[in-house]
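Hello,

Here is the structure we talked about passing on. Have a look at it first, and then read my notes below.

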Amino acid sequence: MSSQHQDQDQEVGVGIDTHADVHMVGVIDRVGREIAHQGFPTTEAGYQQLETWIASWGSVLRIGMEGTGTYGAELCRQLTAHGFDVVEVDRADRKTRRFQGKSDPIDAYAAARAAISGRASAIPKARDGNVEMIRVLRVARNSAIKARVAAIVQLKATIVSAPAGLRGDLAGIDKAALVDRCARFRVARTGEGHLDSTTSATKAALKTLARRVRSLDDEISGLDSDLGYLVEATAPTLVSLFGVGTDVAGQLLVTAGDNPERLKSSAAFAHLCGVAPVPASSGRTTRHRLNRGGDRHANAALYRITLCRLRHDDTTRAYRARRATEQKSTQDIIRCLKRYIAREVFTAIQTDLNPKTSP
């Protein structure tokens with residue numbers, strides 16, 4: 001730590017490099033000079049010590065923090081609740097680290113400079129409301145779906161290499177009936193309780209996999225019930241939009257966060273979703289290219305809405321026909337529709353989550 005004396009009248013910037021066990025905190029003055037740094041444990045007591053320590057150096061102008069959605073989530077919640085101005089800082093790229101070096105204090109001071117200079121200005125997502133509840137439930141649901149798909153693939157792969165008699169008994173059965181049939185297998189064993197043949201071992205494996213699929217089905221059903229209630233209660237306007245179901249609405253809410261007011265406009269939301277075209281002009285050529293950034297899960301959700309409307313919404317189909325006469329390709333039309341839908345979704349989210357500032 002620096003030996004510089006603490007001055008309660010000075011204005012300081014703070015940077016925090018977050019980790020699983022210890023958060024490194026760096027303090028700088030208004031012009032970026034390093035004042036002090038210190039590590040604090042990621043516990044309730046550590047958070048309180050951190051707040052007391054940074055306040056002891058003067059008036060905190062702004063706090064730049066890395067990992068506000070991961071290791072720093074709880075600290076960000078507490079600092080924001082206690083009135084500190086916290087902004088999210090991206091981790092330094094490889095080029096910067098190659099020239100400046102890499103250590104926890106260096107990263108903390110860099111975060112503080114980014115916050116004070118205004119280079120980092122993104123408001124972190126609030127993680128203390130219904131949208132955070134939806135996010136964590138979706139994490140569990142997505143994991144269960146992936147595990148269920150893997151179990152079904154393993155079940156079918158096991159049948160492919162099963163003894164001929166068993167494979168013939170299971171041929172031509174649809175997925176639901178196959179899982180039910182395998183889950184009810186009786187496995188032959190010796191008097192000592194051991195498997196007595198390849199057929200018995202294969203049946204035991206198929207029975208285990210089928211019961212795993214059933215268990216995961218129950219998990220997914222329970223999570224869908226909880227998510228359905230939460231999404232409907234949180235964003236009724238969003239869910240009422242054409243082509244927006246519970247799953248799509250949940251993803252778009254998670255992308256926006258509990259505090260969508262941090263997004264200044266529909267254009268900002270479109271950039272966040274990766275549906276705002278990126279300028280790619282040079283000389284006499286003026287054009288835009290596809291935006292491959294942003295939240296790709298949100299981008300996929302908007303794509304699903306677009307496909308639904310192209311199939312079932314007369315207004316959208318009329319728009320496609322009109323743009324097709326202008327020599328627009330199907331991909332270009334879909335990109336335009338996703339941008340329009342993003343604007344509509346943003347308005348609905350603002351209405352549901354922040355009605356006082358909705359457009």
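C182 counts as buried because its relative accessibility is 0%. C273 is another buried cysteine, since its relative accessibility is also 0%. Please keep in mind that this is a predicted model.

How many disulfides does the structure hold? The number is zero. C273, for one, is in no disulfide: the nearest cysteine sulfur belongs to C336 and is 16 Å away. For background, a disulfide is a covalent bond between the sulfur atoms of two cysteines.

C273 also leads on to N299, as it is one of the residues that N299 contacts. Leaving aside neighbours within four places in sequence, the contacts of N299 are C273, G274, V275 and K338. A polar atom of the N299 side chain lies 3.0 Å from the backbone oxygen of G274. Is N299 buried or exposed? N299 counts as buried because its relative accessibility is 6%, and the cut-off for buried is under 20%.

N299 sits in helix α12, which covers residues 296–312. The helix has 17 residues and reaches 24 Å from its first C-alpha to its last, close to the 24 Å expected at 1.5 Å a residue. At the start of α12, the backbone nitrogen of H297 has a side-chain oxygen of D295 within 2.9 Å.

Which residues of α12 are buried? They are A298, N299, A301, L302, I305, T306, R309 and L310. In an α-helix there are 3.6 residues a turn, so residues three or four places apart point the same way. The buried residues of α12 pack against α10, α11, α13 (314–324) and α14.

Now for the cores. The largest nonpolar core has 34 residues, and those touching the most other members are L238, L252, F269, L302 and V345. Two or more residues of this core come from each of α5 (130–160), α8 (198–234), α9 (236–239), α10 (246–256), α11 (266–273), α12 and α14 (330–353).

Best wishes

How values were computed
Residues are numbered from 1 along each chain as its sequence is written. This is a predicted model: local features need pLDDT of at least 70, side-chain atom pairs count only at pLDDT 80 or more; totals for chains, interfaces and linings use all residues. Side-chain values use heavy atoms; hydrogens and water are left out. Helices (H or I, at least four residues) and strands (E, at least two) are DSSP runs, numbered from the N terminus. Buried means under 20% relative accessible area, exposed over 50%, partly exposed in between (1.4 Å probe, protein chains only). A polar contact is a pair of N or O atoms within 3.5 Å; within protein, one must be able to donate a hydrogen and the other to accept it, and residues adjacent in sequence count only if both atoms are side-chain atoms. Contact means heavy atoms within 4.5 Å. A disulfide is a pair of cysteine sulfur atoms within 2.5 Å. A nonpolar core is a set of buried Ala, Val, Leu, Ile, Met, Phe, Trp, Tyr and Cys residues joined through side-chain atoms within 4.5 Å. The expected span of a helix is 1.5 Å times one less than its number of residues.
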